[in-house]
Amino acid sequence: LQISEPNEFDIMLVMPVARLQLDESDDTGAYYYLTFKRNPKEKYLLKFLDEDGKLSSLKMLQALREIIKQEVKNIKNVEVTVKRKKAGSPAITLQIKNPPSEISVDIILTLEVQQSWPPSTQDGLKIEQWLGRKVRGEFRNKSLYLVAKENKKEKVLRGNTWRLSFSHIEKAMMNNHGSSKTCCESDGPKCCRKGCLKLLKYLLEQLKMKYTKELEKFYSYHVKTAFFHSCVMWPNDTDWHLGDLDHCFQKYLAYFLDCLQKSHLPHFFIPRYNLLSLEHKASSDFLSRQINHQLNNRFPIFQE
């Protein structure tokens, strides 16, 4: 889904863990404290527990950052640096300088847990009409992924929260996005779903570059979530004819604007987690105004 030149990459560094106890750290259902059930197999992780016996994402990230810093020194033929830590970011970012262009790689510490998804996900992933009940079952049988991410809502940041991640499922949905199994395959009919997502992603990217401060609360993840909801609302491949790109894009955009106006965009996998909370109403309104301006003036930002 990269639009401009491919200069940013995300790599999940996955650590398998047999079983963990998950306790919700707030009411979103997305953030958890992790503790080990009796005698974990992963003895090497015990040194990362905090004084309450919770697995510390902060300690693990610090250790990983040190390992990466040491390893980077051994890279001879390319100039690689570890960027300074961004507060609250789950990523360790490598800057790789090498012609023809510079790239940045985010390494994201992820735990892969072989157990069923927590209750907060029960009513999410409503893809039965779009991709089918069988596919939903297959997805929900996949491992649980947790990334080392601080929960900013906590009064005191202790660096011991982890956030659920579904990027592996999101990728699978993007790669097999048709209600017919052959949509966009080499000899199958083409649709404009990805085209729509790329357009809105690009629009947000350009607006963020223009209004960095006002739109700092927005990420491409908002656009992607709205996209998945749109795929559920219009589940048939005929709803996304390749030749109807402009019409489909406007439909999807109208839905996104509606979410901004209501300050309500439920997480696709955790329905009670609202990605557009009311405390960001001012920036939602700002983004809404900018998008409407683009819409009413035939998207000057795409011509720039």
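This is a predicted model: local features need pLDDT of at least 70, side-chain atom pairs count only at pLDDT 80 or more; totals for chains, interfaces and linings use all residues.

Colleague: What volume does the second largest pocket have, and which residues are closest to its centre?

Modeller: The second largest pocket has a volume of about 230 Å³. It is lined by 16 residues, and the closest to its centre are A172, N175, N176, H177 and K181.

Colleague: How do the residues of that lining divide into nonpolar, polar and charged?

Modeller: In the lining of the second largest pocket there are 6 nonpolar, 6 polar and 4 charged residues. The lining also draws on both domains, with at least three residues from each of domain 1 (1-176) and domain 2 (181-303).

Colleague: Okay, domains then. How far apart do the C-alpha centres of domain 1 and domain 2 lie?

Modeller: The protein chain is divided into domain 1 (1-176) and domain 2 (181-303), and their C-alpha centres lie 25 Å apart. The contact between them takes 29 residues from domain 1 and 22 residues from domain 2.

Colleague: Changing topic: how many cavities does a search of the whole structure find?

Modeller: A search of the whole structure finds 1 cavity of 30 Å³ or more, and about 70 Å³ of space lies in the largest cavity. Its lining includes S57, L58 and L61, and among the other lining residues are K85, A148 and E150. Helix α1 (residues 57-72) provides the largest share of that lining, 3 residues.

Colleague: And what about the residue types there?

Modeller: The lining of the largest cavity divides into 3 nonpolar, 4 polar and 3 charged residues.

Colleague: Let's stay with L61 for a moment. Is L61 buried or exposed?

Modeller: L61, which lies in helix α1, has a relative accessible area of 12%, and because that is under the 20% cut-off, L61 counts as buried.

Colleague: So which residues does L61 touch?

Modeller: Not counting residues up to four places away in sequence, L61 touches S89, P90, I92, L109 and A148. As for F48, L61 and F48 are 13 residues apart in sequence and 9.9 Å apart in space, C-alpha to C-alpha.

Colleague: Next, helix α5. What should the 14 residues of helix α5 span?

Modeller: At 1.5 Å a residue, the 14 residues of helix α5 (residues 220-233) should span 20 Å, and because the end C-alpha atoms are 20 Å apart, the two values agree.

Colleague: Which residues of α5 are buried, and what covers them?

Modeller: The buried residues in α5 are H222, V223, T225, A226, F227, F228, H229, S230 and C231. What covers them includes α3 (167-175), α4 (193-210) and α6 (245-262).

Colleague: Last one: where is the place of S288, and what does S288 touch?

Modeller: S288 has its place in helix α7 (residues 281-296), and S288 is buried, with a relative accessible area of 13%. Leaving aside residues up to four places away in sequence, S288 touches L257 and L260.

Key:
Residues are numbered from 1 along each chain as its sequence is written. Side-chain values use heavy atoms; hydrogens and water are left out. On a 1 Å grid over the protein atoms alone, a cavity is a set of points where a 1.4 Å probe fits but cannot get out, and a pocket is an open set with protein on both sides within 12 Å along at least five of seven lines; lining residues have an atom within 4 Å of a point. Grid points are joined across faces, edges and corners, and a volume is the space filled by probe spheres set on the points. Helices (H or I, at least four residues) and strands (E, at least two) are DSSP runs, numbered from the N terminus. Ala, Val, Leu, Ile, Met, Phe, Trp, Tyr, Cys and Pro count as nonpolar, Asp, Glu, Lys and Arg as charged, and the others, Gly among them, as polar. Buried means under 20% relative accessible area, exposed over 50%, partly exposed in between (1.4 Å probe, protein chains only). Contact means heavy atoms within 4.5 Å. The expected span of a helix is 1.5 Å times one less than its number of residues. Domain bounds come from an automatic or database domain assignment.
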